[in-house]
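Student: I am new to this structure and would like to learn how to read its features. Could we look at the model together?

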Amino acid sequence: MIPISIKVSLDLVKGLYAKFIDWDNEMFDLETDTPAHAANTAISEDLGQVEYILTDKTGTLTENKMVFKRCCISGIFYGNESGDALRDVELLNAVSGGSPDVVRFLTVMSICNTVIPMQSKSGSISYKAQSQDEDALVRAAAGLHMVFVNKNANILEINFNGAIIHYDLLDTLEFSSDRKRMSVVVKDRKSGKFILLAKGADEAILPYARAGQQTRTFAEAIEQYAPLGLRTLCLAWRELNEDEYREWSLIFKDANSTLVDREWRVAEACQRLEHDLEILGVAAIEDRLQEGVPETIETLRKAGINFWMLTGDKQNTAVQIALSCNFVSPEPKGQILLVNGKTEDEVCRSLERVLLTMKITSSEPKDVAFVIDGWALEIALKHYRKAFTELAILSRTAICCRVTPSQKAQLVDLIKSCEYRTLAIGDGGNDVRMIQQADIGVGISGREGLQAARAADYSIGKFKFLKRLILVHGRYSYNRTAFLSQYSFYKSLLICFIQIFFSFISGVSGSSLFNSVSLMAYNVFYTSIPVLVSVLDKDLSERTVLQHPQILFYCQAGRLLNPSTFAGWFGRSLFHAIIVFVATVHAYALEKSEIEELSMVALSGCIWLQAFVVAFETNSFTVLQHLAIWGNLAGFYIINWIVSALPSAGMYTIMFRLCGQPSYWTTMFVIVAAGMAPLLALKYFRYTYRSSKINILQQAERLGGPILSLGNIEPQPRSLEKDVVPLSITQPKSRNPVYEPLLSDSPNATRRSFGSGTPFDFFQSQSRLSSSYSRNCKDN
């Protein structure tokens, strides 16, 4: 039986949790004038139980402010010495000299896009671009005197060194996550030539180079730029015969107009044209990390949260960004393992090798992460799902590069299938599927629009606000919801038990000790206001919570809301019901009392106990909380005095007579003393002899002394078998038991089924990987 009051109370307080997020000025982004916003009011407490964060890279971890830095054109590197190709004298000389290779490279940079130039009254040109990559390339081309001046319908106008060049835009082959490139077909008005201009990822451009062209230099340039954290794009073009274009154009238009398998047919049509390309060069673009990203990730990792980076970038670029933002520690403290391969056998051997290494290094204090690309990931998810799931559980960090939006969603679903609480965060339309698949979706209101923010449960302006969203709002919401839900059961069970006890002395006649009005007022007026004000309660200050993120483990392990704590509240309600019933009957059973008097004495005892229980469980008092607790108690008497003054109310003069009797006040004192004394004794024993780390921090705050440092979390040995059975394609590998850390002072029965583990101690460096974790992953 679930009392209706708990549903109403939870809906009200969860709405307030969402408003607290909206009103938090600490999460207001001044740069973009964007506040945090909670679109979903039902899952605020889930934020405090997050175990995995899956994040996009571009625009989420980085600023998404693209700046053109270096390039390689026809085998010549520009910008390596100065770090800025726009200031490279050799490149500037090639531009002023009209080098054909450089001119073609700049032409692709300038018009192979969907950018719209906007000319102001003063003559200055600004650009409206869907992608920050395109904006960076167009601005860089303008800085090298290839200025995209105007786009009038399908006529493109370029100003190069003072000369105006016109192109007719014939077709646009739009970018897709599968093709990983975009192209445009233009016609040079001066020469009448049909030209295909293309740009995209290296694996989407280099394999389609014309026969005989050497691409080794371009591949080396990409390998040189990637470790610097630079995003690379390959630029190419091809001259087309008019007959070839006319024939292809019919196929392309037919594919665009079809209603069946449209995307597949469009991609097939694009493939017909995008071949035999002449590779012009490689452009390298810098995208700096957002402010506070490394600190945020480091803090959340201390809280035991695992991080996965899901990006479409190259492997080296992704690894470099991961190192710079504290995803994984550099050598020798950290280790990165590669899972790669193009065939099933290669991926199988790579998975076996990485799993073996992961288990061997489990006894070493190393920060181990694995890296996998989209091709190997597709094979692993299809043929070696169990082995990959085991690898995912063993590693605290994963870097998945060259992944598609559908693969991002599949990875979220994989982790969710192991019953982990997942949070996905992104900023673009390609992150929407991942965000919607996760338990909690967070969107960043970034430069790629508001698609992710509108599809998410929560939206923030910067990645750094995620720390406060989880540690402050998530943790407080979980603690408050745990108390409110259990307290609501407690106060309902208290009345129910008293009714049951009364049925025994009334001969099981079915009569009720309390009238219907009293029962309704009990939930609506007498006990609801104090518990609703509990949304202001804070067991620790925000500063302490952010300084010691390890205490989030208490929420992740379900310490405050589990069968053990619920049993405690159940026992408390039974004990208090016995106290109220025995004291009431003992005081008034031998007197010539009306049943309404006996009912009012029992109800008064319940209300007095409710007030003291709420005060007992409150950690931080405010004026509003004092007013709600003790004012509500005074309101109980005011309401009943008013009702007792009404002859037609059925309680005429009852409350006046009771308040005038010393035995009534003696009974209230006995009920409160007998009911609260054991609770106070247990709390004193717990604080003195079995204090938790939260209790220690609370005492440090109240005494005004220095708050103890909890230190960093370092990986410790995990209880895993060292002998690895080779993976088999036909026979699934049996999973070894892994365990989640138990808090030294937490109950054995937690939110999930935990095995025995080493007691958790904040004052010794330890991570959530230090113990073993038992999860029953669902077979998919």
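Tutor: A salt bridge here is a side-chain nitrogen of Lys or Arg within 4 Å of a carboxyl oxygen of Asp or Glu. This is a predicted model, in which local features need pLDDT of at least 70 and side-chain atom pairs count only at pLDDT 80 or more, while totals for chains, interfaces and linings use all residues. Residues are numbered from 1 along each chain as its sequence is written, and side-chain values use heavy atoms, with hydrogens and water left out.

Student: Which parts does the pair of Lys314 and Asp202 tie together?

Tutor: Helices (H or I, at least four residues) and strands (E, at least two) are DSSP runs, numbered from the N terminus. Lys314 lies in the loop between strand S14 (306-310) and helix H10 (315-324), and Asp202 lies in helix H5 (residues 202-205), so the pair ties together parts that are 112 residues apart in sequence.

Student: Are Lys314 and Asp202 buried or exposed?

Tutor: Buried means under 20% relative accessible area, exposed over 50%, and partly exposed in between, with a 1.4 Å probe and protein chains only. By that rule Lys314 is buried, and Asp202 is buried as well. Salt bridges that share partners also join Lys180, Asp202, Glu203, Glu223, Lys314 and Arg402 into one network.

Student: How many salt bridges does the rule give?

Tutor: Side chains of opposite charge can pair when their charged atoms come close. Here the count comes to 39 salt bridges. One of them joins Lys408 and Asp56, at 3.3 Å from N to O, and this pair links distant parts of the chain, with Lys408 in helix H14 (residues 405-417) and Asp56 in the loop between strand S2 (52-55) and strand S3 (67-73), 352 residues apart. Both Lys408 and Asp56 are buried.

Student: How do I read paired strands, and how many bridges join S8 to S9?

Tutor: Two strands pair if DSSP finds at least two bridges between them. Strand S8 (residues 155-160) and strand S9 (residues 163-173) run antiparallel and are joined by 6 bridges, and the partner of Asn159 in S9 is Ile164. Their hairpin has 2 residues between the strands, and Asn161 takes a positive phi near 55° there. S9 also pairs with strand S10 (residues 181-188) in the antiparallel sense, over 6 bridges, and in S10 the bridge partner of Leu169 is Val186.
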